[in-house]
Amino acid sequence: MNQNLSKLLGQLRDIWGQLGASQRMTVAAATFVLVAGLVSLSIWSSHADYALLYGGLSDTEAAKVVAALDDAKVPYKASGGTILVPQDKVYAMRMQLAAKNIPQGDGVGFEIFDKPNFGISDFVQRADYTRAVQGELARTISQIDEVQSARVMIVMPENRLLLDKDQYPTASVFVRVRGNSQLPSQTINSIRFLVANSVQGLKPNHVSVVDNLGNVLSENSDDNSLSGLTGSQLAQRRNVEQYLAKKGQDMLDSVLGPGQAIVRVSAEINYDTLSQTQEKYDPDGQVVSTQTKNDDEMSSSTASSPSSPVGISANTSTATNSTASAAGPVNNTVNHKITDTTQYVISKTTSNLIQAAGGIKHISAAVTVAEQMQGTGADRKPVSRTPEQMDKLRRVIASAVGVDPARGDTITIEELPFNDQFATDMTHELDVQQKQEFWWTMARNAVYPSLGLAALFVLLRLFKRTPVQEIPLGVPVGRLVARHNGNGNGHGNGNGHGLAPRFGDTFEPQPGVVTVDVLNKLIKENPANMTQAIRDWMNKGQGRPSEQN
């Protein structure tokens with residue numbers, strides 16, 4: 001084995017010694033490219049792709065994550081609050097860290113009650129509960145896309161026997177916004193309602209929101225205060241105006257094209273609340289309420305008086321009795337009385353009208369339409385619209401916005417040239433930047449292919465400059481008939497299949513020259529003989545003594 005290796009190294013040295021300068025440079029360049037490719041492939045295959053594990057962590061939470069990764073023997077890259085791990089370990093590490101409640105965010109949540117603590121006072125227990133609520137709210141608010149981190153402070157009134165209406169729960173929320181942008185009003189209201197519904201007795205009006213730039217994001221919307229009423233009225237008017245303007249703007253954008261019209265609406269809102277009760281009587285519409293009919297029958301009797309002498313005898317009892325017995329007949333009288341009583345009710349109509357605040361009293365709309373442009377380039381010029389076209393646009397906008405002439409609403413539409421120079425310049429700059437970025441990306445992506453093509457071109461030039469190597473042979477290859485079996489060492493077994501002649505054989509030498517093309521053809525026709533011929537040529541000077549002489 002060592003002998004064969006030494007022989008192989010010797011043959012390589014001989015080949016290197018017979019190569020020219022250009023051939024040596026070509027071989028060295030090819031060897032360097034091959035080794036560099038293998039090394040690059042090895043480095044690239046052993047390189048692990050890192051992916052984001054957690055981002056935007058505080059220093060405390062980042063330290064906890066790094067400590068957990070060190071314990072798990074997982075490689076990582078940390079930069080500020082961003083931690084990267086190998087891509088195939090991202091999800092596994094997230095689950096392992098979640099089992100350890102890492103990261104848990106700033107503050108403490110309801111895990112404060114995981115460990116039982118007996119013997120604590122009621123004040124400490126209420127304080128721990130408030131801390132837990134604050135921590136949970138801060139974590140929840142931090143889940144909003146626009147919010148990077150948050151802190152919540154809650155103030156609860158003391159428990160007393162006598163309640164004071166002037167003492168009520170309040171809360172303050174501090175948010176750190178991503179990219180120092182402005183939180184939209186919808187997000188601010190969401191934060192206020194979230195905090196208010198998490199604390200007993202807390203109203204959204206008593207929750208203040210402040211960002212990291214020192215801006216007070218919450219407004220005082222208390223209905224009992226003048227500022228609250230004014231703020232709500234202005235917000236309501238702004239919403240109505242934006243709604244009406246958007247209806248007209250969308251219609252004009254569809255008709256004229258985007259950016260060809262501007263619509264502004266001013267609405268006057270009626271904030272008066274009206275309650276009206278009206279009663280109306282109709283004398284012609286009588287209705288019988290009650291009817292009473294009484295039928296009375298009354299009887300009376302009358303007797304006639306007899307005549308008697310005037311004197312003493314008339315006043316005595318005997319005279320009276322005799323006189324009474326001798327009286328005349330009795331007259332009986334019957335009276336019949338009917339009473340009919342009827343009560344009527346006059347029909348009455350009662351109406352109760354309650355008009356809530358928020359009705360529109362007056363609308364005024366202002367519409368500006370861009371002039372039409374005809375032509376392109378330097379021939380581009382504005383062309384005014386006809387009065388008929390302007391009237392059509394006016395009627396369309398009036399119908400879309402809801403302009404009522406009977407109510408006194410007005411609409412103004414004017415055609416003016418728009419100053420689009422700034423937009424044109426910005427569009428031109430953006431186009432230039434996009435083209436520059438495109439060509440820079442193309443050039444950057446073409447660097448490595450260009451280098452490869454340049455290296456290939458250099459190699460081809462070197463190959464072209466390499467002179468044709470001539471292999472001198474003692475006799476033409478076709479006339480060589482060897483009697484040895486070519487095994488590469490010049491000794492055969494006499495089977496007649498070798499290319500090298502036996503020692504002592506005589507033949508008429510006819511020197512010839514074989515080029516590379518001819519050599520390739522000969523190799524294809526008789527590879528066994530040509531292999532032995534090349535070996536003999538490579539072992540020139542190391543053969544038998546007769547060959548050296």
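In which sense do strand β5 (residues 170-177) and β6 pair, and over how many bridges?

Modeller: Strand β5 (residues 170-177) and β6 pair in the parallel sense, over five bridges. Two strands count as paired if DSSP finds at least two bridges between them. Helices (H or I, at least four residues) and strands (E, at least two) are DSSP runs, numbered from the N terminus.

Before going on, the ground rules. The model is predicted, so local features need pLDDT of at least 70 and side-chain atom pairs count only at pLDDT 80 or more, while totals for chains, interfaces and linings use all residues. Residues are numbered from 1 along each chain as its sequence is written, and side-chain values use heavy atoms, with hydrogens and water left out.

Back to the strand pair. Across from Val 175 stands Asp 211 in β6. Strand β6 spans residues 207-211 and has two faces. Val 207, Val 209 and Asp 211 make up the covered face, whereas Ser 208 and Val 210 make up the uncovered one.

For the setting, the secondary structure of the protein comes to 14 helices and 15 strands. Buried residues make up 20% of its 549 residues; buried means under 20% relative accessible area, exposed over 50%, and partly exposed in between (1.4 Å probe, protein chains only). The protein exposes about 39,600 Å², and carbon and sulfur atoms supply 55% of that area. Accessible areas come from the Shrake-Rupley method with a 1.4 Å probe, and for residues only the protein chains shown count as cover. Of the contacts with a separation of 6 or more, 67% are between residues 24 or more positions apart, a contact being heavy atoms within 4.5 Å.

Thr 273 gives an example of a link across the sequence. This residue lies in the loop between β7 (261-270) and β8 (274-303). Leaving aside residues up to four places away in sequence, Thr 273 touches Gln 355 and Ala 357. The C-alpha atoms of Thr 273 and Ala 357 are separated by 5.1 Å, although the two residues are 84 apart along the chain. Thr 273 is still exposed, because its relative accessible area is 61%.

Another loop residue is Lys 73, found between α3 (59-71) and β2 (77-79). Lys 73 is not a glycine, yet has a positive phi of about 60°. With a relative accessible area of 72%, Lys 73 counts as exposed.

Next come the charged side chains. Side chains of opposite charge can pair when their charged atoms come close. A salt bridge is a side-chain nitrogen of Lys or Arg within 4 Å of a carboxyl oxygen of Asp or Glu, and by this rule the count comes to ten. One of them joins Arg 131 and Asp 128, at 4.0 Å from N to O. Both residues lie in helix α5 (residues 122-142), three residues apart, which is about one turn of the helix. Arg 131 is partly exposed at 43%, and Asp 128 is buried at 16%.

Another salt bridge joins Arg 237 and Glu 241, at 3.0 Å from N to O. These two are separated by about one helical turn because they are four residues apart in helix α7 (residues 226-256). Arg 237 is partly exposed at 32% relative accessibility, while Glu 241 is buried at 18%.

In helix α9 (residues 387-401), Arg 394 and Asp 391 are three residues apart, so about one helical turn lies between them. Their side chains meet in a salt bridge of 3.0 Å, N to O. Arg 394 is partly exposed at 28%, and Asp 391 is partly exposed at 35%.

Rings complete the picture. The structure holds one aromatic pair. Phe 438 and Trp 439 form this pair edge-to-face, with 5.3 Å from centre to centre and 70° between the planes. Rings of Phe, Tyr and Trp (its six-membered ring) pair if their centres lie within 6.5 Å; planes under 30 degrees apart count as stacked, over 60 as edge-to-face and the rest as tilted. Phe 438 is partly exposed at 46%, whereas Trp 439 is exposed at 59%. Elsewhere, the charged end of Lys 77 sits over the ring of Tyr 50, 4.5 Å from its centre. A charge sits over a ring if NZ of Lys or CZ of Arg is within 6 Å of the ring centre and within 35 degrees of the ring normal.
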